[in-house]
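Please consult the sequence and the model below while reading.

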Amino acid sequence: MVGAEKISIDDRFHVLKKMFSIAGTPLVADNKSLWYRVYKPLLVVSGYLTLLTTFIGILKNLDNMDYVMEAARPGFVMINLLWMHFFISMKMDGVRRLLNMTKSFTWSDLPCRVTETGSLSMAGWIQRIQPLMWKANFCDWGAHLLYFILRGVANSDKPLFFNAWSPFDMDSIPLYIFVLIIQGLGSVMQGTTLFAVMGLYVGLVAVACTQLQKIQAALQNVRRGEETNLHARLAQCVAHHQLVVRYMRELENTFSMVLLGPFLSVVAALCFTAYTAITVMPFIVSSLLRCRIGCEPPPKLDPKDMWSFVIGGSAMHCGLSTGFMMYFVVYLQSGRVKDAVWNCEWVGAPVSFQRSLVFMLSVTKDFKLTAGKIIPVYQRTVMAVR
């Protein structure tokens, strides 16, 4: 077991370190301040209380379908995010082992863009993903604030970030502010967890891809150079390959359960988002038709419903695409290692050299990422959900 006190995060992952600390799941157990020791449990309790009170509110308002649908949309997203938070907390030792293993890998010598297409390479994604997730996290906070403002404009009563049951008298200003703080902290924990975990996942998969690319390049050049160093060069390739295989197995074991809950809850949340689209689109179509023929304007569309639809649909689409887009790349790179072994000019090589290549082929398997060891994480799965 890798203890939190025995690991240090280098500068290559400093942004993710900050995001995990904000989400209440620090990657390292540094000597945190008294403020953080108070902040962390309050944040985590707020996140789970927000989900609990949301579903209590749904159960108490089953006769009000508008309330149920408005509360269920963020409710299912909360299940997604809290599942990720719970299992990434349980798998934190695996995360630390992965980060320790990345210290043995380098990718700064690889190009940041693909020469043929000019698109970002895996090494380029490693550099870009952390600042991208950092900015997306703040955009998510802004979207929640805007949604709160829209709820305040649409409702004359005291608005909350989410429709939720409260045991307090909301006519009391201090208690109303207390509930707002709880929901605000819960929103910060849940949103930051999403971007921190997905940023870490994509970054670690990209690291695996860069190492598979380096193994391919090394195998292509293994027969070049002095014959006396042939076995040393091949032994270095084999050792590097075995380290990458262990790294990818750890990656699968760590993130398998983390990905299962989001996939299943995203499927359910997409159903509610589709229901919102069905209820909102008639207003849009009616508005266009009435404007065209000069009739009376249609009934006023609630802006918070439209904003909820936009946020929900975009978040679900991005969540699926971001979580699953790396599968094809790592699957392709792992398959190319086999091709590199086969094409490394083994004909006429010493028998011991050929046996080493056979060993590499026997242990080289196409790496597959799964959600819960059940659902393959690849593009066909995403298309089936859509």
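The chain contains 11 helices and two strands, where helices (H or I, at least four residues) and strands (E, at least two) are DSSP runs numbered from the N terminus. The model is predicted, with local features requiring pLDDT of at least 70 and side-chain atom pairs counting only at pLDDT 80 or more, while totals for chains, interfaces and linings use all residues. Residues are numbered from 1 along each chain as its sequence is written, and side-chain values use heavy atoms, with hydrogens and water left out.

**Overall architecture**

- In sequence order, the elements follow the pattern α-α-α-α-α-α-α-α-α-α-β-β-α.
- Of the 386 residues in the chain, 46% are buried; here buried means under 20% relative accessible area, exposed means over 50%, and partly exposed lies in between (1.4 Å probe, protein chains only).
- Among contacts (heavy atoms within 4.5 Å) between residues at least 6 apart in sequence, 74% join residues at least 24 apart.
- The chain exposes about 19,500 Å², of which carbon and sulfur atoms supply 64%; accessible areas come from the Shrake-Rupley method with a 1.4 Å probe, and for residues only the protein chains shown count as cover.

**Annotated transmembrane regions**

- The unreviewed UniProt entry annotates "transmembrane region" at residues 42-59, 71-88, 173-206, 255-278 and 306-330. UniProt positions are given in the numbering used here, feature names are shortened, and annotations may be inferred rather than shown by experiment.
- Residues 42-59 are 100% helix and 0% strand, with end C-alpha atoms 26 Å apart.
- Residues 173-206 are likewise 100% helix and 0% strand, and their end C-alpha atoms lie 49 Å apart.

- Helix H6 (residues 173-220) has 48 residues and reaches 70 Å from its first C-alpha to its last, close to the 70 Å expected at 1.5 Å a residue; the expected span is 1.5 Å times one less than the number of residues.
- H6 is mostly covered, with 36 of its 48 residues buried.
- Helix H4 (residues 92-102) is also mostly covered, as eight of its 11 residues are buried.
- The buried residues of H4 are Met92, Gly94, Val95, Arg96, Leu98, Leu99, Met101 and Thr102.

**Salt bridges**

- Side chains of opposite charge can pair when their charged atoms come close.
- The whole structure holds three salt bridges, each defined as a side-chain nitrogen of Lys or Arg within 4 Å of a carboxyl oxygen of Asp or Glu.
- Arginine 96 pairs with aspartate 93, the closest N and O atoms being 3.7 Å apart. Both residues lie in helix H4, three residues apart, about one turn of the helix. Arginine 96 is buried, with a relative accessible area of 11%.
- Glutamate 250 forms a salt bridge with arginine 97, with the closest N and O atoms 3.2 Å apart. Glutamate 250 lies in helix H7 (residues 230-293) and arginine 97 in helix H4, so this pair ties together parts that are 153 residues apart in sequence. Glutamate 250 counts as buried at 17% relative accessibility, whereas arginine 97 is partly exposed at 30%.
- Aspartate 109 and lysine 214 meet through their side chains in a salt bridge (3.5 Å, N to O). This pair links distant parts of the chain, 105 residues apart: aspartate 109 is in the loop between H4 and helix H5 (122-154), and lysine 214 is in helix H6. Aspartate 109 is exposed, with a relative accessible area of 52%, while lysine 214 counts as buried at 18% relative accessibility.
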